Amino acid sequence: MPAPQPPLHPARRAVHAAVRRRAARVVVLPAALLALNLGLGTTAQAYEPASAGAHPAARSTAPDRATVTEGQVREVAPGGVLTYPSVTSCLTITVRLGDGGLVGAHASLFQVPGELRSDAILPALDAAVGARAVASVQVRGAVGAWHPSYFTKAIESYGEGEQVPVPSGPDVEGLAREVARELGVPLASVTAEDVPDGDQVVTGGVGPR
């Protein structure tokens with residue numbers, strides 16, 4: 001008799017369920033959400049540079065504290081605090097800037113209406129960081145529920161008959177590699193960590209944290 005298999009992480013079960021549902025229906029996104037995913041919505045516009053020239057070296061208007069909910073990108077000033085609430089099936093990507101500021105993204109496995117889906121979150125994060133120096137990038141959350149390809153093709157974008165990739169286990173290296181590629185930073189500067197469910201709080205500042 002084969003050995004019993006360990007129970008799947010709840011988020012990975014959600015991915016399997018989504019794959020089964022994909023055979024029965026096709027997800028059609030409203031035009032407003034499609035525009036958002038193409039970078040035309042209000043969330044994406046918030047991170048467009050003010051001009052076609054160089055990005056500013058610092059954002060003096062960044063707050064000291066910000067909450068980053070699913071599908072959002074937010075920034076705090078040097079020494080500020082980012083809070084990612086209820087990280088269950090999600091991933092958080094926190095960019096530590098050279099001046100001690102933070103730019104964070106809360107990547108949702110399944111799109112929250114009106115917010116960025118998984119294949120739009122890294123381009124929005126990259127636009128928010130701009131040309132500023134990056135000290136490191138931290139990826140944390142439900143690593144075992146995420147296939148690296150979700151950053152380039154969201155689960156919602158698969159049509160009827162298409163097979164959605166399902167992770168066989170935590171792919172720390174694959175996720176770090178994809179994040180490094182999308183953000184244009186050295187792979188050595190990116191770390192990925194599978195952490196328990198719950199809120200995440202990240203504090204900025206110069207030096208290791």
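How many bridges join β4 to β6, and do the two strands run parallel or antiparallel?

1. In this predicted model, β4 and β6 run antiparallel and are joined by seven bridges. Within this pairing, V95 stands opposite V137 of β6.

2. The two strands belong to an open sheet of five strands, whose order is β2-β5-β4-β6-β7 and whose pairing is mixed. The edges are taken by β2 (73-76) and β7, and because each of these has a single partner strand, one side of each is left without a neighbour in the sheet. On average, and with direction ignored, neighbouring strands of the sheet are turned by 15° against each other.

3. Two helices pack on this sheet. α4 touches β2, β4, β5 (102-107) and β6, and its direction makes about 170° with that of β5; α5, for its part, touches β4, β6 and β7, with a direction that makes about 140° with that of β7.

4. For the whole protein chain, the count is five helices and eight strands, and from the N terminus on the elements run α-α-α-β-β-β-β-β-α-β-α-β-β. Of the 209 residues, 47% count as buried. Among contacts between residues at least 6 apart in sequence, 71% join residues at least 24 apart.

5. Nine of its twelve residues are buried, so α4 is largely enclosed by the rest of the structure; the buried residues are S118, D119, A120, I121, L122, A124, L125, A128 and V129. Its length can also be checked: at 1.5 Å a residue the twelve residues of α4 should span 16 Å, and the end C-alpha atoms are 18 Å apart, which agrees. The residue that follows α4 is G130, with a positive phi near 65°.

6. The buried residues of α5 are G174, L175, A176, E178, V179, A180 and L183, and what covers them includes β4 (91-97), α4 (118-129), β6 (134-141) and β7 (190-194). After α5 comes G184, whose phi is positive and near 70°.

7. In the loop between β6 and α5 lies H147, which counts as partly exposed because its relative accessibility is 26%, a value between the cut-offs of 20% and 50%. Leaving out residues up to four places away in sequence, H147 touches P165, V166, P167 and L175, and of these L175 is among the buried residues of α5. The side chain of H147 also makes a polar contact of 2.8 Å with the side chain of S149. Between H147 and L109 there are 38 residues in sequence but 9.8 Å in space, taken from C-alpha to C-alpha.

8. E75, in strand β2, counts as buried because its relative accessibility is 13%, and its side chain is joined to that of R132 by a polar contact of 2.8 Å. S189, in the loop between α5 and β7, counts as buried at 15% relative accessibility; a polar atom of the S189 side chain lies 2.6 Å from the backbone oxygen of P186. Apart from neighbours within four places in sequence, S189 is in contact with A135, S136 and V137, and V137 is the residue that stands opposite V95.

9. A last point concerns confidence. The protein chain averages a pLDDT of 80, and 70% of the residues score at least 70. Over residues 18-59, however, pLDDT stays under 50, although the model has 57 contacts beyond four places in sequence for this stretch. Where pLDDT is low, the predicted coordinates should not be read in detail.

Technical notes. Residues numbered from 1 in each chain as written. Heavy atoms only, no water. Buried < 20%, exposed > 50% of the residue type's maximum accessible area, 1.4 Å probe, protein only. Helix = DSSP H or I, 4+ residues; strand = E, 2+ residues; numbered from the N terminus. Contact = heavy atoms within 4.5 Å. pLDDT = per-residue confidence, 0-100. Pairing = 2+ DSSP bridges. Axes fitted to C-alpha atoms, helices over the stretch in contact; angles between N-to-C directions. Polar contact = N/O pair within 3.5 Å; in protein donor to acceptor, adjacent residues only side chain to side chain. Expected span 1.5 Å × (residues − 1).
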